[in-house]
Amino acid sequence: MTVMSALSEPTLDVIQVRRDFPILERQVHGKPLIYLDNAATSQTPRQVIETLDHYYRHYNANIHRGLHTLADEATAAFEQTRDKARDFINAADRREIIFTSGTTEAINLVANSWGRANLKPKDEILISQLEHHSNIVPWQLLAAQLELVIRVIPVDEQGALDMVAYRELFSERTRLVAVNHVSNAFGTINPVREMATIAHQQGALIVVDGAQAAPHEPVDVQHIDADFYAFSGHKVYGPTGVGVLYGKAELLEAMPPWQGGGEMIRTVSFDAGTTYADIPHKFEAGTPSIAEVIAMGRAFDWVNDIGIAMIGSWEQHLLAHATRKMTAIEGMRILGTAPHKAGVISFVVEGAHAQDIGLLIDQLGVAVRTGNHCAQPLLQRFGVEATCRASFAAYNTLEEIDLFVESLERVIGMVR
Ligand code: PLP
């Protein structure tokens with residue numbers, strides 16, 4: 001991957017980056033695709049696609065259980081991704097990396113294993129108002145079953161967390177904080193390190209949903225001091241159906257298994273009972289998404305070749321450009337204007353329904369997301385049911401942003 005050198009402007013060679021993405025050559029409704037739905041899923045570079053293809057052509061086999069060559073090769077490649085994932089988020093120990101089907105499953109694992117083993121009636125969980133449903137509903141399910149209390153950390157008008165309220169919400173019953181690192185709906189970057197420090201001072205743990213942070217900024221779980229950190233492969237240029245749960249080793253070791261089955265046991269007996277494998281395997285029951293895990297490792301390599309900081313600063317450049325241009329549109333309301341934001345712009349336009357904008361702009365080849373972004377409590381807080389959301393990735397260009405804004409203006413003109 002070529003990165004041209006310059007001092008002030010971000011120096012990503014975006015034309016070169018785009019060559020890695022076959023899908024960007026396609027047309028939609030006869031127009032070149034402008035893909036701005038990256039917060040939902042990012043597109044996949046050919047290196048990752050080739051890794052999937054190579055696996056199925058050359059060494060498709062179940063892992064950890066065979067003695068034959070193919071099984072050995074598949075196991076080695078699978079386990080290599082664990083090392084890559086450890087490096088990607090700077091975990092201290094490869095055993096702290098658990099492969100899941102994604103962020104959703106990772107959070108459900110924490111809720112059902114750590115939560116059931118450690119929470120009692122009247123215990124309190126703090127959840128931010130910025131959360132994706134996948135960091136709300138697992139806790140609500142648990143709260144209903146264990147009679148827990150959920151308290152909500154509010155956001156201010158800009159969509160930033162109210163840190164004064166956060167501090168005040170703690171009580172002697174607070175056991176856990178569940179917060180995202182970056183909001184998918186507004187792009188707000190949350191001060192998770194500071195939040196972790198406060199949580200720990202109060203004797204609580206913190207689970208960080210990193211689904212929207214891992215693709216955009218360097219993540220260091222040790223620096224954050226996160227107890228748990230979750231993210232999904234498909235938002236980091238990898239395949240769907242895989243993700244990572246990081247957990248501190250001492251916590252994972254003390255937690256009971258969540259799902260039972262093959263691969264997660266040491267011995268199984270009807271008479272003597274069952275004993276479990278060491279971490280991380282204790283939490284990886286059954287046959288995982290082998291090809292996808294291996295290909296996710298290739299996605300980490302791809303990101304590392306460019307540099308995650310470089311990707312992040314390119315997206316900041318796109319964000320600033322798009323915000324400037326969009327703010328000039330009459331009736332435009334951007335939701336989420338926190339000082340620290342990732343490349344996400346959620347917006348509504350006076351007199352134009354978000355749904356109509358989404359459908360019509362698709363006719364012009366532009367893919368944006370429309371709806372509640374799985375963040376209904378946040379949208380309710382801002383008095384809207386739906387927004388349009390444009391979200392950026394390493395392969396988006398300034399020209400695409402210009403075309404997007406032009407298309408947006410055309411569409412608004414049509415529906416008003
Ligand atoms: N958390 C956040 C902040 C997200 O943006 C998403 C997906 O959009 C998720 C969690 C859920 O991720 P997945 O569907 O990959 O499990």
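Predicted model: local features only at pLDDT ≥ 70, side-chain atom pairs only at ≥ 80, totals over all residues.
Trainee: Does Ser128 count as buried or exposed, and at what relative accessibility?
Mentor: A residue is called buried when its relative accessible area is under 20%, and exposed when that area is over 50%. Ser128 counts as buried because its relative accessibility is 3%.

Trainee: Which side chain does the side chain of Ser128 join in a polar contact?
Mentor: Apart from neighbours within four places in sequence, Ser128 is in contact with Val152, Ile153, Leu161, Ala178 and Val179. The polar contact between side chains, at 2.5 Å, joins Ser128 to another residue, and that residue is Glu131.

Trainee: Is Glu284, in the loop between β12 and α10, buried or exposed?
Mentor: The loop that holds Glu284 lies between β12 (275-276) and α10 (290-306). With the cut-off for buried set at under 20% relative accessible area, the 10% of Glu284 makes this residue buried.

Trainee: With which side chain does the side chain of Glu284 make a polar contact?
Mentor: Beyond its neighbours within four places in sequence, Glu284 is in contact with several residues, including Phe78, Ile97, Gly262 and Met264. A polar atom of the Glu284 side chain also lies 2.7 Å from the backbone nitrogen of Phe99. The polar contact with another side chain has a distance of 2.8 Å, and the partner is Arg82.

Trainee: What radius of gyration does the protein have, and what would a compact globule have?
Mentor: The C-alpha atoms fill a box of roughly 75 × 55 × 40 Å along the principal axes, and the protein has 14 helices and 17 strands. A compact globule with 416 residues would have a radius of gyration near 22 Å, and the protein agrees with this, because its own value is 22 Å.

Trainee: What share of the residues in the protein is buried?
Mentor: The protein exposes about 17500 Å², of which carbon and sulfur atoms supply 50%. Of the 416 residues, the buried share is 55%.

Trainee: How far apart are the mean positions of the positive and negative charges?
Mentor: The protein has 34 positive and 50 negative charges. Taking the mean position of each set, the distance between them is 2 Å.

Notes. Residues numbered from 1 in each chain as written. Heavy atoms only, no water. Buried < 20%, exposed > 50% of the residue type's maximum accessible area, 1.4 Å probe, protein only. Polar contact = N/O pair within 3.5 Å; in protein donor to acceptor, adjacent residues only side chain to side chain. Contact = heavy atoms within 4.5 Å. Helix = DSSP H or I, 4+ residues; strand = E, 2+ residues; numbered from the N terminus. Rg over C-alpha atoms; globule rule 2.2 N^0.38 Å. Areas by Shrake-Rupley, 256 points an atom, 1.4 Å probe, with all protein chains shown as cover. Lys, Arg positive; Asp, Glu negative; His and termini not counted. Charge placed at Lys NZ, Arg CZ, Asp CG, Glu CD.
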